[in-house]
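Here are some notes to go with your first look at this model. Read them with the structure open and turn to each spot as it comes up.

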Amino acid sequence: MTAAHVTLCFLLRDGADGGHVLLGTKKTGFGRGKVVGVGGHVEPGETASQAACREVMEEINVVVAAEDLIPAGTVDFVFPARPEWNMATTVFLTRTWEGEPSESDEIAPAWFPVRQLPVDRMWADAEHWLPAMIAGQRIAVRVALAADNENVADVHTIDWVEQP
């Protein structure tokens with residue numbers, strides 16, 4: 001079974017107390033109730049960057065231009081107990097957008113200090129790769145989830161080189 005191609009985009013800004021990242025509480029579907037990044041499936045005919053821009057608009061009502069996306073790496077999620085959930089994820093960061101993030105039917109966005117990510121409310125894998133990507137590391141990550149589809153069984157990380 002092939003993994004679904006998905007994308008995530010993390011908006012970043014500086015605050016008086018350091019860097020902040022925009023995350024959102026998922027209101028529907030896969031991951032409901034968890035704090036997640038903004039993103040979703042890459043549609044047929046779309047590039048990962050086009051999908052990231054579309055998903056940001058659909059989920060938090062702001063415009064991100066593809067040229068303002070910073071490629072951060074990839075995360076392959078492997079669910080041995082539910083292989084139909086496997087995802088090949090392209091991750092982007094951005095510091096530039098138009099509009100003010102607002103709630104949609106799918107996501108309730110909120111800013112979080114990078115030094116205090118709400119890991120207790122996120123997928124268990126996030127703490128293994130998200131802080132590194134925000135800090136500027138470009139990595140390719142493979143996360144194998146445990147049989148409960150919640151906890152992490154294994155994380156493997158290597159340096160990532162963007163493909164042209």
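1. Let's start with Asn61, which sits in the loop between helix 1 and strand 5 (70–78). Bear in mind that this is a predicted model. Is Asn61 buried, exposed or partly exposed? With a relative accessibility of 35%, Asn61 counts as partly exposed. Setting aside neighbours within four places in sequence, Asn61 is in contact with Val56, Glu100, Ser102, Glu103 and Ser104. For a sense of scale, Asn61 and Ile158 are 97 residues apart in sequence, and their C-alpha atoms are 33 Å apart in space.

2. The backbone at Asn61 deserves a look too. Most residues other than glycine have a negative phi. Asn61 has a positive phi, near 60°, and is not a glycine. Asn149 is another non-glycine residue with a positive phi near 60°.

3. Now go to Asn149 itself, in the loop between strand 8 and strand 9 (152–159). Asn149 is buried, at a relative accessible area of 10%. Which residues does Asn149 contact, leaving aside its neighbours within four places in sequence? They are Phe79, Ala81, Arg82, Trp85 and Trp123.

4. Leu145 belongs to strand 8 (residues 139–145). Its relative accessibility is 2%, so Leu145 counts as buried. Beyond neighbours within four places in sequence, Leu145 is in contact with Val78, Phe79 and Pro80, and also with Glu150, Asn151, Val152 and Ala153. Phe79 turns up among the contacts of Asn149 as well.

5. An α-helix has 3.6 residues a turn, so residues three or four places apart point the same way.

6. Take Ile60 as an example: apart from neighbours within four places in sequence, Ile60 is in contact with Leu11, Leu22, Val38, Glu55, Glu100, Pro101, Ser102, Ile107 and Pro109. Glu100 and Ser102 are also among the contacts of Asn61.

7. How many disulfides are there? The count comes to 0. The sulfur of Cys9 has its closest cysteine sulfur in Cys53, 7.1 Å away, which is too far for a bond. Cys53 is likewise in no disulfide, the sulfur of Cys9 being the nearest to its own. Cys9 is buried, with a relative accessible area of 1%, and Cys53 counts as buried at 14%.

8. Finally, the largest pocket. Rolling a probe the size of a water molecule over the atoms shows where empty space is left. The largest pocket has a volume of about 620 Å³. Its lining is made up of 34 residues, with Leu8, Phe30, Val36, Met87 and Trp123 lying nearest the centre. Two or more lining residues come from each of strand 1 (4–15), strand 3 (35–36), strand 4 (38–41), helix 1 (48–60), strand 6 (87–94) and helix 2 (126–134). Which element gives the largest share of the lining? Strand 1 does, with 5 residues. Sorted by class, the lining has 18 nonpolar, 9 polar and 7 charged residues. Trp123, one of the residues nearest the pocket centre, is also in contact with Asn149.

Definitions and conventions
Residues numbered from 1 in each chain as written. Predicted model: local features only at pLDDT ≥ 70, side-chain atom pairs only at ≥ 80, totals over all residues. Heavy atoms only, no water. Helix = DSSP H or I, 4+ residues; strand = E, 2+ residues; numbered from the N terminus. Buried < 20%, exposed > 50% of the residue type's maximum accessible area, 1.4 Å probe, protein only. Contact = heavy atoms within 4.5 Å. Disulfide = S-S within 2.5 Å. 1 Å grid on protein atoms, 1.4 Å probe; cavity = no way out; pocket = protein on both sides within 12 Å on 5 of 7 lines; lining within 4 Å. Points joined across faces, edges and corners; volume = space filled by probe spheres on them. Nonpolar A, V, L, I, M, F, W, Y, C, P; charged D, E, K, R; others polar.
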